[in-house]
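We'll walk through a sheet, a helix and a cavity.

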Amino acid sequence: MATDFYQRQSDTRRSTFRLVALFGVAVLMIVGAVVAVAFAIVQTRLPPSDRPIVAGDFVIPAIAGLVALMIIVGGSLFKILQLRQGGGTSVAEGLGGRRIYPNTTDGVERRLMNVVEEMAIASGTPVPPVFLLDEEGINAFAAGYSHSDAVLGITRGCAQNLSRDELQGVIAHEFSHILNGDMRMSIKLIGILHGILLIGLTGQLILRSFFFTGHSRSLSRGNKDGGGGQVILIIIAVAIAAIVLGFIGTFFGNLIKAAVSRQREYLADASAVQFTRNPSGIAGALKRIGGAVSGSKLKAANAAEVSHMYFSAGTWQDLVGLWATHPPLEKRIRAIDKNWDGKFLQGPASSSSFTGSGAAGFAGSAPLVEAEQVPVEVVDQAFQQVGQPTTEHQHYAVAVIQQLPQVVLDTVHEPYGARAVVY
């Protein structure tokens, strides 16, 4: 291959690690800023100005910092647990997805399931549930928190308009997200962002409680009596600072999250080439998205909520690209095909490139081959090859499917029949 995709994967992982570390530093800086603002307010509200700093001056700032940290951590954990509930199935169904099974009689759906099965066998992972979205845009996604609850979502435009090689590239890209833990990382980043957002919301709640529940009158009486008026003013000032810091933190947090998402897309593209050994497959899919009338856009009402999970941008992205969850199509294509002429592919792939409904193998059609006997020693070490399919694994996957008797193959593609085969 013209590009060293293994080196690209290594570089992308390092970039992702630096961005995630930056996310953690941003959280610590927000907490530190809350402490600093609270300390500055305390010093200005406790005259005289030349009074020496005493240990008691750190009580309110310490409490403010602790509360800020608890809000971020608590809000993050709550959001992560909420997103984990229901797994990938809830995401797919929320986008209007309908689960399809390998025993479907629809030719397009059957071809899609064949490709998913081949990819699962070759990579050594279970076949995830597959949901079909009735959308014209060419797109796909992997959703879930772990391998056990992961699902694949494919639009009908993707299943119908791509050639078999291109569809394999898309499926391999989504398998990469599952195997590399990108779904879990995305959920954690969303959770942390939610915790940062709660900092600003808490500040707003404090201000509302003062100005709409009668506390403002208590404040004026406290100032006249010389009592706790200063403390209340400090709390209000801290609330205003929390609103500002929450806005700034959310702004930069979204920038970091978008940058992480873009890096993981480059990693998934490189991994798809590794899995299929066919750069033209995923490159062709990206080119066809660029030439399609609907592109990769989704019409579902809540499509924006999981925009970072899609194969390509499923919603409108800002003109500047600061919050773009996906790199531009041109950059992704040139990272795979450096000799690209800059032209997108117009219209759907020709029917001759669909390669029938059976198992056709990776990187094009494969002849009927014999599945060789596998030594027990190799089976014992099979777990070390999970997520790292080689050309031999791909050919073996095709051979296994081809050599199964048709009656067995049809039976295991039906949920109840599969149980009977196992028994």
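## Starting at the sheet

Which residue in E2 does Ile-100 stand opposite? Ile-100 faces Val-130 there. Before going on, note that this is a predicted model: local features need pLDDT of at least 70, side-chain atom pairs count only at pLDDT 80 or more, and totals for chains, interfaces and linings use all residues. Residues are numbered from 1 along each chain as its sequence is written, and side-chain values use heavy atoms, with hydrogens and water left out.

Helices (H or I, at least four residues) and strands (E, at least two) are DSSP runs, numbered from the N terminus. Two strands pair if DSSP finds at least two bridges between them. Here four strands make an open sheet in the order E1-E2-E4-E3, with mixed pairing. Strand E1 (98-100) and strand E3 (140-143) are at the edges with a single partner strand each, so one side of each has no neighbour in the sheet.

## How the strands pair

E1 pairs with strand E2 (residues 130-133) in the antiparallel sense, over three bridges. E2 and E4 run parallel and are joined by four bridges; Leu-132 has Ile-154 in E4 as its bridge partner. E3 and E4 run antiparallel, also with four bridges, and here Phe-141 is partnered with Gly-153 in E4.

Now for strand E4 (residues 151-155) itself: five of its five residues are buried, where buried means under 20% relative accessible area with a 1.4 Å probe, protein chains only. Val-151, Gly-153 and Thr-155 point one way, while Leu-152 and Ile-154 point the other way. In a regular strand the side chains alternate between the two faces of the sheet.

Helix H2 (residues 59-84) has 26 residues and reaches 37 Å from its first C-alpha to its last. That is close to the expected 38 Å, which is 1.5 Å times one less than the number of residues. Its buried residues include Pro-61, Ala-64, Ala-68, Ile-72 and Ile-80. Just after H2, Gly-86 takes a positive phi of about 90°.

## The cavity

On a 1 Å grid over the protein atoms alone, a cavity is a set of points where a 1.4 Å probe fits but cannot get out; lining residues have an atom within 4 Å of a point. The largest cavity has a volume of about 180 Å³, counted as the space filled by probe spheres set on the points, with grid points joined across faces, edges and corners. Of its 16 lining residues, the closest to the centre are Asp-182, Ser-186, Ser-261, Arg-264 and His-308. H7 gives the largest share of the lining, six residues.

Notes
Buried < 20%, exposed > 50% of the residue type's maximum accessible area, 1.4 Å probe, protein only. 1 Å grid on protein atoms, 1.4 Å probe; cavity = no way out; pocket = protein on both sides within 12 Å on 5 of 7 lines; lining within 4 Å.
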